[in-house]
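This report examines a protein model through its helix contacts, its pocket and its backbone. Please consult the sequence and structure shown below while reading.

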Amino acid sequence: MTPPNTDDTRNASGPPSAQPPGDERWMRVALEQARTAAGRGEVPVGAVLTAGDRLIATAGNGPIGLCDPTAHAEILVLRRAAAEIGNYRLAGTTLYVTLEPCLMCMGAMIHARIDRLVFGAFDPKTGAALSRYRVGSDGLLNHRLEVTAGVLEAECSALLRDFFRRRRDCGRPA
């Protein structure tokens, strides 16, 4: 669900901006990671990190299977990318994720110096990029990142909604 007064391609650092052509392509890769996570019983969130047109790392949610509350898709993709590059600083990169990141994940992106965040579905309860907080674009920290919201929002939202509907229908806690 899109928060009021938010354009689908709103750049949180300024006025609405045109969506770069690769955004949908990379979000589709993130959606595949989310579907894979769902197949493992994880909440279906997927993430992709790119530098220009080069794929660096992919990940799906993993807190349940890894018994690790920090194993969100965003954290896992940052870890994999840092290992791939050989540096914890990931300047010049874009992180694509199917659900608006939480405070923990936004903090990790700030520390990694991600240039740009692109997300699909808004998270009105815990979203820390635009919905509840504006971490990274509010001018309060030493690093700013560009935020593009709502890329393939309907598909990202439907994946989450269907996952939780199936869990409720099976009597499993959401």
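**Packing of α1 and α5**

At what angle do helix α1 (residues 22-39) and α5 pack, and how far apart are their axes? In this predicted model, the angle is about 5 degrees, and the axes lie 11 Å apart. Angles under 35 degrees count as roughly parallel, and α1 is therefore roughly parallel to α5.

On the side of α1, the contact is made by M27, R28, L31, A34, R35 and A38, while α5 contributes E155, C156, L159 and F163. Sorted by class, the residues of this contact comprise seven nonpolar, three charged and no polar ones.

**Packing of α3 and α4**

A further helix contact involves α3 (residues 73-85) and α4 (residues 103-112), whose axes come within 9 Å and cross at roughly 25 degrees. These two helices are therefore roughly parallel to each other as well. The crossing in which α3 passes α4 is left-handed.

Which residues make this contact? From α3 they are E74, I75 and L78, and from α4 they are M104, C105, A108, M109 and A112. Seven of the residues in the contact of α3 with α4 are nonpolar and one is charged, with no polar residue present.

**The largest pocket**

The largest pocket of the model has a volume of about 490 Å³. Its lining consists of 22 residues, of which V43, V45, L99, D123 and L160 are the closest to the centre of the pocket. By class, the lining contains 13 nonpolar, four polar and five charged residues.

Which helix gives the most to this lining? It is α5, with four residues. Both α2 (63-66) and α5 (153-169) supply at least two residues each.

**Positive phi angles in two loops**

Two residues deserve attention for their backbone angles. R113 is a residue other than glycine, yet its phi is positive, near 65 degrees. R113 is placed in the loop between α4 and β4 (116-121).

Where is L152 placed? L152 is found in the loop between β5 (146-149) and α5. Although L152 is not a glycine, its phi is positive, at about 55 degrees.

Conventions:
Residues are numbered from 1 along each chain as its sequence is written. This is a predicted model: local features need pLDDT of at least 70, side-chain atom pairs count only at pLDDT 80 or more; totals for chains, interfaces and linings use all residues. Side-chain values use heavy atoms; hydrogens and water are left out. Axes are lines fitted to C-alpha atoms, for helices over the stretch in contact, and angles run from 0 to 180 degrees between N-to-C directions. Angles under 35 degrees count as roughly parallel, over 145 as roughly antiparallel, 65 to 115 as roughly perpendicular and the rest as oblique. A crossing is left-handed if the near helix is turned anticlockwise from the far one by less than a right angle, and right-handed if clockwise. Contact means heavy atoms within 4.5 Å. Ala, Val, Leu, Ile, Met, Phe, Trp, Tyr, Cys and Pro count as nonpolar, Asp, Glu, Lys and Arg as charged, and the others, Gly among them, as polar. On a 1 Å grid over the protein atoms alone, a cavity is a set of points where a 1.4 Å probe fits but cannot get out, and a pocket is an open set with protein on both sides within 12 Å along at least five of seven lines; lining residues have an atom within 4 Å of a point. Grid points are joined across faces, edges and corners, and a volume is the space filled by probe spheres set on the points.
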